[in-house]
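Please examine the sequence and structure shown here.

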Amino acid sequence: MKKTVLFLLIGLAVACAPKKAVSSPDGSIVVLFSLSDEGQPEYAVSVDGTPFIGQSVLGIETSAPLNLKNGFRLESSKVTSHEEKWSQPWGENKEILDRHNELEVKLANEYCSLTLRFRAFNDGVGFRYEYGIPSEAKESIVITDELTQFNIAQDGFSWSIPAHFDSYEQEYRELLLSELENANTPMTFRTDDGLYGSIHEAALVDFPEMTLKNVDGILTAAPAPDGPNNLEQKAVVSGTFKTPWRTIQVGRKAVDLINSSLILNLNEPCKLKDVSWIKPGKYVGVWWGMHLGLYSWGKDARHGATTERAKQYIDFAAANNIDAVLFEGWNDGWTVANADHDFDFTKPAPDFDLDAVLAYAREKGVDYIIHHETAGEVAWYEQQLEKDLDYAAERGIHALKTGYAGWLLDGHYHHSQYGVRHYAKVASEAAARKIMVDAHEPIKETGLRRTYPNFMTREGARGMEWNAWSSGNKPSHHEILPFARLLSGPMDYTPGIFDIEYRSIAGNPDVKVWNNTHSSKCRVNTTLAKQIALWVTLYSPWQMAADLIENYEEHPAFQFFRDFDPDCDWSEALQGEIGEYIAIARRSGDKFFFGATTNEVGRTLEQPLSFLKPGVIYTATIYADALDADWQTNPYAYTIETRTVTSADTFTVVLAPGGGQAISFIPSSTP
Ligand code: CA
């Protein structure tokens, strides 16, 4: 009898335990919300009826005399549907479909209200916390931790960089999910069942970045602390605050992750009224010469940014259909090898006549990208930011590259709330003056380019520079980036090094080693054709041809970059596997561009050209690895072939070990 009553009570408790669900528009992905016995919110995600994210707790910890994590009761919930097509001034795709179902769960405990908002898309899930704290403890609530779990239901393989609060310039690790101690996001994985996923965040505003750490076998949110001397504080918030969206992308194929717009769909619409001045482009500059040690940043005979050299680069840009030029070291305050932290962004170096360079660029129809290297001195930079941006705007400059080389920002971690606020401030002050931004040593992108489309591109991973002065980026780095780093947004990788082994500077007495990880073995781990393909596969609205212009002069393969248009309208990742190979097509106006790259393993892809516009005859120019090309032993061997094709054709794409292939498709006739 007693037993029966007990079972009855348990049955009632289960029946009453609040559970709410929302499914994706196609029904394949289901998010299930529940409250634990302690009133702590939890969630789980299934895909095709199979657990994908097992039961996972939600909540936030604070040092304030508040409880933001449990004791909640369900006040109300509702499910709504949303379908909208929106467009952006630039991007992998200019037209985007936002189709999702949303579950809004309103909770309350004795301290606060909490709305949990879950959005289920056909390609994944996003959710965020929206807290309201109606007590006297409203101001300056210190958040000490986030409890969000991502309890991935199966083991599998993962690709990520380690969680590091100061630098994303780390080598990718390929690890079993069960072996992952910590990771930065996007953290991409393939489950043992063959489903693909990636955990990241969207709309990172006024909050620290989220990393992941393994807590008792479950990947758990780990927000960046304020700094090494303030490890407990993760964020300071006011009484009403929203966290960024926590995102879980889902793909049946690896390339589905790339073709997803989930991160952008979870950001706010554009806040800029006039976006007519925001334009993608191609650029060249002296940057690679500095990294090779051929030029210096500072004031000596090897100074890269001289008036004379700037005019050469402007001439080259004008002659080669390149939009802009960039000269690091243009300003006063650099010593010979590195920064003396006394930069002045309103005073050109003595041998760089900025106004003369700008006049010359204008005459030739070439734009100028100004450079601000802050060395991470953010408070100092913010003090003079408006004056520095005014200085550029008054001169008709519409583009800025920033740099934050070095550890810590005024004692705060780079990716802390302090850093997140700073980069947003620069983007918004720049937007007010019609200036586009390319940030190096940035905060990772989380789709904010939708809201502030002047924030064009950024670094935020190991870029080309590492090849100049370290053991370099492995071939497979470039087949991981599109599935990991680039899921967050564009990357200014600066591809296109044609002098792969630095032969043109060998024995040059001007070359000085400036970095202690440099060795005589330094080179780019690539074939030549792969360097061309990276202009397509590593998306950036500003795309640099990074080599010394001398290495492009007269080079037949540079025709691809002349023809290339980074202002694409449409993109599709066609085939690929993470860390193995990738093939992507993009359309810019009526031209199409195709790029494919492979890791250390040579391979042959069958690629239907069905992405081309039916009925149009195209001239395809194919920049391929020669049959005997090999990134280690024969990196320069390439072929250029022209064919007449239509969308009914299929290409056999042969990629050398560490190689690639790029194709331009230019319409030769329309029916
Ligand atoms: Ca860097």
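The sections below describe ring pairs, a ring cluster and charges over rings.

## Basis of the model

The model is predicted, with local features requiring pLDDT of at least 70 and side-chain atom pairs pLDDT 80 or more, while totals for chains, interfaces and linings use all residues. Residues are numbered from 1 along each chain as its sequence is written, and side-chain values use heavy atoms, without hydrogens and water.

## Aromatic pairs of F345

The structure contains 46 aromatic pairs. Rings of Phe, Tyr and Trp (its six-membered ring) pair if their centres lie within 6.5 Å; planes under 30 degrees apart are stacked, over 60 edge-to-face and the rest tilted. The F345 and W380 rings are edge-to-face because their centres are 5.9 Å apart and their planes meet at 65°. F345 belongs to strand β25 (residues 339-348) and W380 to helix α7 (residues 378-394), so this pair ties together parts 35 residues apart in sequence. Helices (H or I, at least four residues) and strands (E, at least two) are DSSP runs, numbered from the N terminus.

F345 also forms an edge-to-face pair with Y381, at 5.9 Å centre to centre and 90° between the planes. Y381 lies in helix α7 and F345 in strand β25, so the pair ties together parts 36 residues apart in sequence. Both F345 and Y381 are buried, whereas W380 is partly exposed at 21% relative accessible area. Buried means under 20% relative accessible area, exposed over 50%, and partly exposed in between (1.4 Å probe, protein chains only).

## Cluster and charges over rings

Ring pairs join F316, F498, W535, Y552, F558, F560, F561, F564, F593 and Y623 into a cluster. Over the ring of F561 sits the charged end of K282, 5.3 Å from the ring centre. The charged end of R643 sits over the ring of F651, 4.6 Å from its centre. The criterion is NZ of Lys or CZ of Arg within 6 Å of the ring centre and within 35 degrees of the ring normal.
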